[in-house]
Amino acid sequence: MTTALFWIAAASALAYLPMSPRPASPLRSLFKTASVALLALVAVLSGAPMLLTLALVLCALGDALLSRETDSTFMAGIGAFAAGHLAYIALFLSHPSSDTALIFDKPGIFWSLIILGIVAATLLAPRAGDLKVPVLGYIPIILGMGITVLALPEAGALRWALPAALAFIASDLILATEKFLLPDGHPALRITPYMIWILYWGAQAGLLIAFL
């Protein structure tokens, strides 16, 4: 049953993909939300850690809010995703590696994420307008998720969780670039919705697989 649900979630994600650049609609919201909500259901039925289920549920809520594409739902969606990332951080720190410290184990990734956060904050701060505070507050949370994933055991969940977490960060940075940095009509806007969705859903699926 869980395998079937996973593939239904994947089918929902695939159905949403061509809708991603289109205006908000009930069907678009349905496919977007279902594609992650069904992953949460797979987590429940598979006996996955409760924090994983909580993270997926919060992200599905964020999807539902962001799919409406208004400033108020955007801010609420940021809040839901921030809470989801905090749940992922708690999940990663509850499965620590027994042999290495996360900072010294992979210093290249650690310091790259720190520098990335500084650059992102510098670029977004003057351009986020009324959303400046939630956007800047979100940056350390999403990057914290990328850093704390390094605490996972090398031979276990890290194999799936690390690339998934990095894909999640990439999707959020592309979304921020799309919303705040690229001018209307920029050629990149033709492909960014597809990039965001592929990276994002792949990240959620990868994080689920990492803990099953």
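**Questions about a predicted helical model**

Reader: How does alanine 76 count at 34% relative accessibility?
Author: Let's begin with the scale: buried is under 20% relative accessible area, exposed is over 50%, and partly exposed lies in between (1.4 Å probe, protein chains only). At 34%, alanine 76 therefore counts as partly exposed.

Reader: What kind of model is this, and how are residues numbered?
Author: It is a predicted model, in which local features need pLDDT of at least 70 and side-chain atom pairs count only at pLDDT 80 or more, while totals for chains, interfaces and linings use all residues. Side-chain values use heavy atoms, with hydrogens and water left out, and residues are numbered from 1 along each chain as its sequence is written.

Reader: Where is alanine 76 placed?
Author: Helices (H or I, at least four residues) and strands (E, at least two) are DSSP runs, numbered from the N terminus. The place of alanine 76 itself is helix α4.

Reader: Which residues touch the most other members of the largest nonpolar core?
Author: A nonpolar core is a set of buried Ala, Val, Leu, Ile, Met, Phe, Trp, Tyr and Cys residues joined through side-chain atoms within 4.5 Å. The largest one here has 67 residues. Those touching the most other members are Leu52, Leu56, Tyr88, Phe92, Val149, Phe168 and Trp201.

Reader: And which element gives the most to this core?
Author: Two or more residues come from each of α1 (2–16), α2 (26–45), α3 (50–66), α4 (71–93), α6 (107–124), α7 (132–148), α8 (158–181) and α9 (192–210). With ten residues, the element that gives the most is α8.

Reader: Which residues does leucine 56 touch?
Author: Contact means heavy atoms within 4.5 Å. Setting aside residues up to four places away in sequence, leucine 56 touches Val36, Leu39, Ala40, Ala43, Tyr88, Gln204 and Leu208.

Reader: Is threonine 53 buried or exposed, and which residues is it in contact with?
Author: Threonine 53 sits in helix α3, and its 13% relative accessibility makes it count as buried. Its C-alpha atom is 9.6 Å from that of tyrosine 88, a residue 35 places away along the chain. Leaving aside neighbours within four places in sequence, threonine 53 is in contact with Ala40, Ala43 and Val44.

Reader: How are the rings of phenylalanine 6 and tryptophan 201 arranged?
Author: Rings of Phe, Tyr and Trp (its six-membered ring) pair if their centres lie within 6.5 Å; planes under 30 degrees apart count as stacked, over 60 as edge-to-face and the rest as tilted. The structure holds twelve such pairs. For phenylalanine 6 and tryptophan 201, the centres are 6.0 Å apart and the planes are at 50 degrees, so the pair is tilted.

Reader: How many residues apart in sequence are the parts that this pair ties together?
Author: Both phenylalanine 6 and tryptophan 201 are buried. Phenylalanine 6 lies in helix α1 and tryptophan 201 in helix α9, so the distance in sequence between the parts tied together is 195 residues.

Reader: Is the pair of phenylalanine 92 and phenylalanine 211 tilted or stacked?
Author: Phenylalanine 92 lies in helix α4 and phenylalanine 211 in the segment after α9, so their pair ties together parts 119 residues apart in sequence. Phenylalanine 92 is buried at a relative accessible area of 0%, and phenylalanine 211 is buried at 11%. With ring centres 6.2 Å apart and planes at 15 degrees, the pair is stacked.

Reader: Which residues is alanine 128 in contact with?
Author: Alanine 128 is found in the loop between α6 and α7, where its 6% relative accessibility makes it count as buried. Its C-alpha atom is 34 Å from that of leucine 158, and the two residues are 30 apart in sequence. Beyond its neighbours within four places in sequence, alanine 128 is in contact with Val135 and Phe180.

Reader: Which residues does leucine 199 touch?
Author: Leucine 199 has its place in helix α9 and is partly exposed, with a relative accessible area of 27%. Not counting residues up to four places away in sequence, leucine 199 touches Ala167, Ala170, Ser171 and Ile174.
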